[in-house]
Amino acid sequence: MFLFARFTDFLTASLPKASKRQAIHIGATLLSLLILAVPQQLLAQNTNGESSTVVYPAEYFAQWAPITAKDMLERIPGQDSSSPRGGGGGIPGGNPSSGGRGLGGGNSGGNEILINGKRTAGKNNQTSDLLARISADQVKEFQIIRGTSGDLDVRGSGQVVNVVLLEELSSSSISYEANVRRAQDGKYVPGGAASIGGQSGKLNYLLSASARPNYRNTINRENSRLGDYSINDRVVEERTRDQINNELSMNLGYDFSSNSSFRVNALYAVQDAPTDVDRFTTNLRVQPTTLTIEREDLPSDRDNWEIGGDYEFTRANGSRFKLLAIANQDNRDTTRERFLLDAAGAEEKDLFLNATSVTEEKIVRGSYTMDIFDGQNIEFGVERAQTTLDSSLALGLLVDGGTTSTATGGLTPQSVSNANSTVEEIRYEPFIIHNWIINSKMSLESTLLYETSEISQSGDVSNTRDFDFVKPKIDFRYNLTPSLQLRGGIEKIVNQLSFADFVAVNDEEDNDAATLAGNASLRQQSQWRYTFNSEYRLPNDAGVLTAEIFYAEHEDVIDRLDVTTDETNLRSANGNIGDGVEYGLNLNASIRMGMINLPNLLVTTGLNLQDSEVTDPFLGIDRRFQLYQRGRFTLTFRHDIPKWRMNWGMQYFDRIDGGMFRYDVDDIEFNVGEPRVNFFSEIRDARGITYRLDLGALTDGSQCRRRSRFVGRISANVLEEIESRCTITGREVSFKVNGTF
């Protein structure tokens, strides 16, 4: 205990801005890891023979009577969806307009979820989402694969969860969910989902539909002082978003023979998110005070679709050919109109801003896997991706005597640099992956990727650039015992550029600024990343302890950069500001509390400590990356009571405050936030219908920002105004009913 106290003191000292609460977080996590550690001679072999795969058959979950595959996964130690370790699924990437493009020949180290050993040929329609739509009676077993293998559909993952479904189903299974949510302002919002899955001969299918409203009401309160610290004004803003998310998805698989199969995944989604804003600004500089009332309408429409397919053929000698293709499109149209209200309630529009974008992506990837020596195989292939973004932005202001236009909402059009552009990237990525099972305890996976691409921009800005990168990776794993695994990795990572950074966009963070400038000269941010991991599985399925240390050397860090061309109008955009470093520690524990005779109480805790450093382009000082979290603490538990057919639990999330800054050409932001606590309770009746109550944001949970504005550039250090703003969402209550038949 003395050593533990000294180590806790050291960590607390390394975080001078951490609060007493956060110091307790650190101590609690480390104490749990130390107390629960047991000597190696007490380790039990809960793995599958000599391999590092842990198998959980369907019978393991019978006592909890789960409804979906997601319910089953959350009962496995270390796999709870609320765990900070999280879960991947599908293919890494995401929205291409924000930089998540392509499939990649490997994974950067996160966890993956496979269905029958296959990943989903989709990016928006991901495997992790499928688990909530797969009925529990379709699951044969879960495999937690901790090693590497050429037989896997993903490589270089921290851990792979393979969901093995039953080969033959007697009939189809239908899952349903109905829910209602009460928002802070008292509005009740209904929603629901349904899916049908099953198998007919050689065809297996899963069809799903959902309507999930995301109504949100937030209250923002802001107080500001002038540069001489005299009181300025007070702003109270109520923002109400009435968002509706409707989605249809399809997952089909067909086995032509025992060695040939084809899968198709498709998704279509529509999102309507109109937002109303009421803003009340009280001028405190005069007596009596005066009140300004503003109203904003922000209609927002989005629809996106995706279709993906993959074909796989396995030869008699075990060699495998795989062809995968994906196409998707994302359409967005957002308008912002601001109105000033006079004392009589009459409105006058003084701002119109419309932003539209269409993002398209087409990807084809082919690979061939073959054995070369005993215990060794290679996969080689190539990926081609074409990504395009068509973006336009129209700005109108109220100008006395100005010429108005219907295209800008009846206001006077304003010139915006780089407002209308088309950005296109053509990328090729050949790759080769070598997998070597050295012996029953050690494995080595080596990856080499070569990326070559051309990015062209046309419209208001014309520019064409070529890029070439070599991206090696090494992943070494050593099973010291069947329950203790050590893992180390070295990887060159090249982040894909966000197309949204190339063009002018709406500034959603600052009411005093309408647009953010684009930068057509961006380069990719890259890093050399070094990691060391350890995973220790406690005997008798009592839990999992993990620890990770990481260090990364970043090149061409992307952050805000001065792009001013007119000194009367300072402008900034995302640009490359130089090199930086990042390092940290992740500790996680997921424990069944059998030591206090509560084996069905699963406690999961996680602690992340990290830091970074880069040279600020505005002040020339060394600072952290933009809005970089100093760390995070998570504590959750789930308590199942089988005899009552119920379970309940809580979730506690908090970040380590004191380090989240954002530097810009004329202001500096500092962000802090209060912890969030959620509660849930589920009960299942004799018919198998589940009733769930969720209570969210039980604590204050406010997120606060201090913005210091300067006269001219921040380097001149002439303070103009200090804004202190806090956002509160209020408590969230929802009730769900789901089941299968």
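Predicted model: local features only at pLDDT ≥ 70, side-chain atom pairs only at ≥ 80, totals over all residues.
User: Is Ser319 buried or exposed, and which residues does Ser319 touch?

Analyst: Buried means under 20% relative accessible area, and Ser319 has 6% relative accessibility, so Ser319 counts as buried. Leaving out residues up to four places away in sequence, the residues that Ser319 touches are Phe313, Thr314, Tyr368, Thr369 and Met370.

User: Which residue stands opposite Thr369 in S16?

Analyst: Thr369, which is among the residues touched by Ser319, can be followed into the pairing of strand S15 (residues 347-373) with strand S16 (residues 376-397). These two strands run antiparallel and are joined by 22 bridges. In S16, the residue opposite Thr369 is Glu379.

User: Which residue takes a positive phi in the hairpin of S15 and S16?

Analyst: The hairpin formed by S15 and S16 has 2 residues between the strands. The phi in question is near 80 degrees, and the residue that takes it is Gly375.

User: Over how many bridges does S16 pair with strand S18, and over how many with strand S17?

Analyst: Strand S18 (residues 421-437) pairs with S16 in the antiparallel sense, and within that pairing Val382 has Pro430 as its bridge partner. Strand S17 (residues 412-414) also pairs with S16 in the antiparallel sense, with Leu395 standing opposite Gln414. The counts are 16 bridges for S16 with S18 and 3 bridges for S16 with S17.

User: What is the strand order of the open sheet of 4 strands, and which strands are its edge strands?

Analyst: This open sheet has mixed pairing, and its order is S1-S3-S4-S2. Neighbouring strands of the sheet are turned by 20 degrees against each other on average, with direction ignored. Each edge strand pairs on one side only, and the edge strands are S1 (53-57) and S2 (112-115).

User: In which sense do S2 and strand S4 pair, and what is the bridge partner of Leu114 in S4?

Analyst: S2 and strand S4 (residues 160-165) are paired over 4 bridges, and the sense of that pairing is parallel. Within S4, the bridge partner of Leu114 is Asn162.

User: Which residues touch the most other members of the largest nonpolar core, and which elements give two or more residues to this core?

Analyst: The largest nonpolar core has 21 residues, and those touching the most other members are Ile134, Val139, Phe142 and Val163. For Val163, the contacts beyond its neighbours within four places in sequence include Ile113, Leu114, Ile115, Leu131, Val139 and Phe142. The elements that give two or more residues to this core are S1, helix H3 (69-73), S2, strand S3 (139-145) and S4.

User: Which two residues are joined by a disulfide, and why is the disulfide right-handed?

Analyst: The structure holds 1 disulfide, which joins Cys704 to Cys726 with an S to S distance of 2.0 Å. Because Cys704 lies in strand S37 (residues 703-710) and Cys726 in strand S38 (residues 719-728), the pair ties together parts that are 22 residues apart in sequence. With a relative accessible area of 18%, Cys704 is buried, whereas Cys726, at 29% relative accessibility, counts as partly exposed. The disulfide between Cys704 and Cys726 is right-handed because the torsion about its S-S bond is about 110 degrees.

User: How far apart in space are Asn588 and Asn608, C-alpha to C-alpha?

Analyst: Asn588 lies in strand S28 (residues 580-593) and is buried, with a relative accessible area of 12%. Asn588 and Asn608 are 20 residues apart in sequence, and in space their C-alpha to C-alpha distance is 8.6 Å.

User: Of contacts in the protein chain between residues at least 6 apart in sequence, what percentage join residues at least 24 apart?

Analyst: The protein chain has 4 helices and 39 strands, and 52% of its 741 residues count as buried. Among contacts between residues at least 6 apart in sequence, the share that join residues at least 24 apart is 67%.

Methods:
Residues numbered from 1 in each chain as written. Heavy atoms only, no water. Disulfide = S-S within 2.5 Å. Buried < 20%, exposed > 50% of the residue type's maximum accessible area, 1.4 Å probe, protein only. Pairing = 2+ DSSP bridges. Axes fitted to C-alpha atoms, helices over the stretch in contact; angles between N-to-C directions. Core = buried A, V, L, I, M, F, W, Y, C linked by side-chain atoms within 4.5 Å. Contact = heavy atoms within 4.5 Å.
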